Amino acid sequence: MAVAAGVYHSAALKSDGTVLVWGDNFWGEATTLNGLSNVIAIAAGDYHTVALKCDGTVVAWGRNSMGQTNCPPGLSNVVAIAARNDYSLALKRDGTVVGWGLNDAGQCTPPANLSNVVAIAAGDFHCLALKSDGTVVGWGSNTDNDGKTLTGQATPPAALGNAVAVAAGWNHSLAIMVWPPPVLHARLDRNQVILSWPASASDYRLQVSPVLGPGAVWTPLDAAPAVADEECAVTNLARGKKTFYRLGR
């Protein structure tokens, strides 16, 4: 169901909720906890492993030099986890983030009032949080290994939005973005339905289908010449007949 990898160890989550771990075991990172079950997600730091259980609790094992396997007392209602280097992160059901372990760059201290988070990612010394509105927040180290060169991995671009996933590396960050189709406007004019959308979306075409659902067959309609700043399509309105429209590429 899922896999995770540290520096010298790997972990796999099986469909029955158990975890298999293999590789270097100097710190016990490749020794699964006795009786561990009902796991729904896993994460791996450099030399430790973290597991999220279906009851919203978290367990961790392996190297604990910075407290990275000491889950905060009372931690519950967790819906996602992340781990890197010598620290761990947990996303709670209420949209807040908790961190523990190595905190030399502030990676375990999320920004004050951070909320509405739906996904998290852990880099070596910086973290990312994806919010429900598609924006991204970063914190932790914003410099290169020498601590002098500003690389900006914890500062998302100002124009970043519509993100649906995030990931973090050593000195870089990634976001997958999607752009929703433009708004389709409709109005009636006697026996016609007039549909329009922004001309800036010239790669979209109006499509029509008599039904909705998985079996719908969408047929493109030729758009009329642009009127002002809009692409328009005018079609006859047949009485007693259902017709569905959408914008597609």
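Asn85 sits in the loop between E7 and E8, where helices (H or I, at least four residues) and strands (E, at least two) are DSSP runs numbered from the N terminus. This is a predicted model, in which local features need pLDDT of at least 70, side-chain atom pairs count only at pLDDT 80 or more, and totals for chains, interfaces and linings use all residues. Residues are numbered from 1 along each chain as its sequence is written, and side-chain values use heavy atoms, with hydrogens and water left out.

Most residues other than glycine have a negative phi. Asn85, however, has a positive phi near 45°, and Asn116 has a positive phi near 55°. Asn116 belongs to the loop between strand E9 (97-101) and E10. The table sets the two side by side; buried means under 20% relative accessible area, exposed over 50%, and partly exposed in between (1.4 Å probe, protein chains only).

| Residue | Phi | Relative accessible area |
|---|---|---|
| Asn85 | near 45° | 8%, buried |
| Asn116 | near 55° | 45%, partly exposed |

**The nonpolar core**

Now to the interior. A nonpolar core is a set of buried Ala, Val, Leu, Ile, Met, Phe, Trp, Tyr and Cys residues joined through side-chain atoms within 4.5 Å. The largest one here has 15 residues, and those with the most contacts inside it are Tyr87, Leu89, Val97, Val117 and Ile120. At least two residues of this core come from each of strand E7 (78-84), strand E8 (87-92), strand E10 (117-122) and strand E11 (126-131). Setting aside neighbours within four places in sequence, Ile120 is in contact with residues including Ala80, Leu89, Val97, Leu128 and Val166, contact meaning heavy atoms within 4.5 Å.

Val164, found in strand E13 (residues 163-168), is partly exposed at 46% relative accessible area. Together with Ile176 and Val178, Val164 forms a nonpolar surface patch with about 260 Å² of accessible area. Patch residues have over 30% relative accessible area and no salt bridge; like charges are joined within 9 Å, and nonpolar side chains (Val, Leu, Ile, Met, Phe, Trp, Tyr) within 5 Å. A salt bridge is a side-chain nitrogen of Lys or Arg within 4 Å of a carboxyl oxygen of Asp or Glu. Areas come from the Shrake-Rupley method with a 1.4 Å probe, and for residues only the protein chains shown count as cover.

**A three-stranded sheet**

Strand E17 (residues 205-209) is joined to E18 by 2 bridges, and Val208 has Thr219 in E18 as its bridge partner.

Definitions and conventions: Pairing = 2+ DSSP bridges.
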